[in-house]
Amino acid sequence: MAWVTSEELLATVVPYAVFWTYSGIYVMLESRLEKYKLHSKKEEEEKNLVSRKAVFKAVVIHQILSIAMNLCVFAATREKIGQESPRKQLTLLVLAKQVIIAILVIDTWSFFLHWYSHQNKFLYRLIHIPHHRLVVPYSFGAHYMHPIEGILDTMGGTLAVLLSGMSPRTSMFFVSFTMIKVVDDHCGMRLPGNPFNLLSNNSAYHDVHHQLYGTKYNFSVYLDIWDKILGTYMPYTLEKTPDGRLEVRKADQEEKKHD
């Protein structure tokens, strides 16, 4: 019995290839689409406390650890379930059920991990503060985090796949989508026609959390359900700056401006 099958290897590696492809597109477009950025290049240089080179290195380390962890999980669960067990036919109904369960699991895990890392000062200083060195987030900075937080974050996706009963092939598509979503949330841009802008939880929503005034709000990664239930949702507005960009503002800032 092989330690890892080709399907499991693809399910583990392809999502990270999608991550770098999608984030790379944003990096290449940045200079050409300056007017769609939520922050200027000058703001990034002044506010961010870590260089892009250091972020890149940390992201690669995080993803190598995540790949190793997921391969081990695939091997362990395959041994337990049995490699020769017959596969259930994947119908649209079964697929929809798996996706809904996976989204709810990963959203709940990510929210409470994120929320508690802000509530607990020790955990915040130990593992979460590196991510907030990016006051002005950008695409591949989505995976910039302490290695311990990286492992905990990866566990959320792993649990979502296991509890939903997804096959490696199905998980490859689902996890690839989550990679696209997390990159888009951190892209720091508001591109016209981007379907993610239709969601309440998007790049502007998450940009609030990275600002100093919003670090105790907008913790959600995929949905905004838990933020609204626990009162950590911060409404925002988008306003044009003199140079034509869109800027995210707290809703109360906008109200005060017109008083």
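This is a predicted model: local features need pLDDT of at least 70, side-chain atom pairs count only at pLDDT 80 or more; totals for chains, interfaces and linings use all residues.
I started with the helix pair: α4 passes α6 in a right-handed crossing.

The axes of α4 (residues 92-119) and α6 come within 8 Å and cross at roughly 155°. Angles over 145 degrees count as roughly antiparallel, so that is the label for α4 and α6.

Then I asked which residues of α4 meet α6. On the α4 side I found Gln98, Ile101, Ala102, Val105, Ile106, Trp109 and Leu113. Their partners in α6 are Leu152, Asp153, Met155, Gly156, Gly157, Leu159, Ala160, Leu163 and Ser164. Sorted by class, this contact has 11 nonpolar, 4 polar and 1 charged residues.

An unreviewed UniProt entry carries the annotation "domain: Fatty acid hydroxylase" for residues 100-232. I looked at that stretch in the model: the chain there is 59% helix and 0% strand. The end C-alpha atoms of residues 100-232 sit 23 Å apart.

Last stop, Arg133. I located Arg133 in the loop between α5 (121-128) and α6 (147-164).

For neighbours, I skipped residues up to four places away in sequence; Arg133 then touches Lys47, Asn48, Leu49, Val50 and Tyr144. I also took one distance: Arg133 and Met179 are 46 residues apart along the chain, and their C-alpha atoms are separated by 21 Å.

Conventions: Residues are numbered from 1 along each chain as its sequence is written. Side-chain values use heavy atoms; hydrogens and water are left out. Helices (H or I, at least four residues) and strands (E, at least two) are DSSP runs, numbered from the N terminus. Contact means heavy atoms within 4.5 Å. UniProt positions are given in the numbering used here, feature names are shortened, and annotations may be inferred rather than shown by experiment. Axes are lines fitted to C-alpha atoms, for helices over the stretch in contact, and angles run from 0 to 180 degrees between N-to-C directions. Angles under 35 degrees count as roughly parallel, over 145 as roughly antiparallel, 65 to 115 as roughly perpendicular and the rest as oblique. A crossing is left-handed if the near helix is turned anticlockwise from the far one by less than a right angle, and right-handed if clockwise. Ala, Val, Leu, Ile, Met, Phe, Trp, Tyr, Cys and Pro count as nonpolar, Asp, Glu, Lys and Arg as charged, and the others, Gly among them, as polar.
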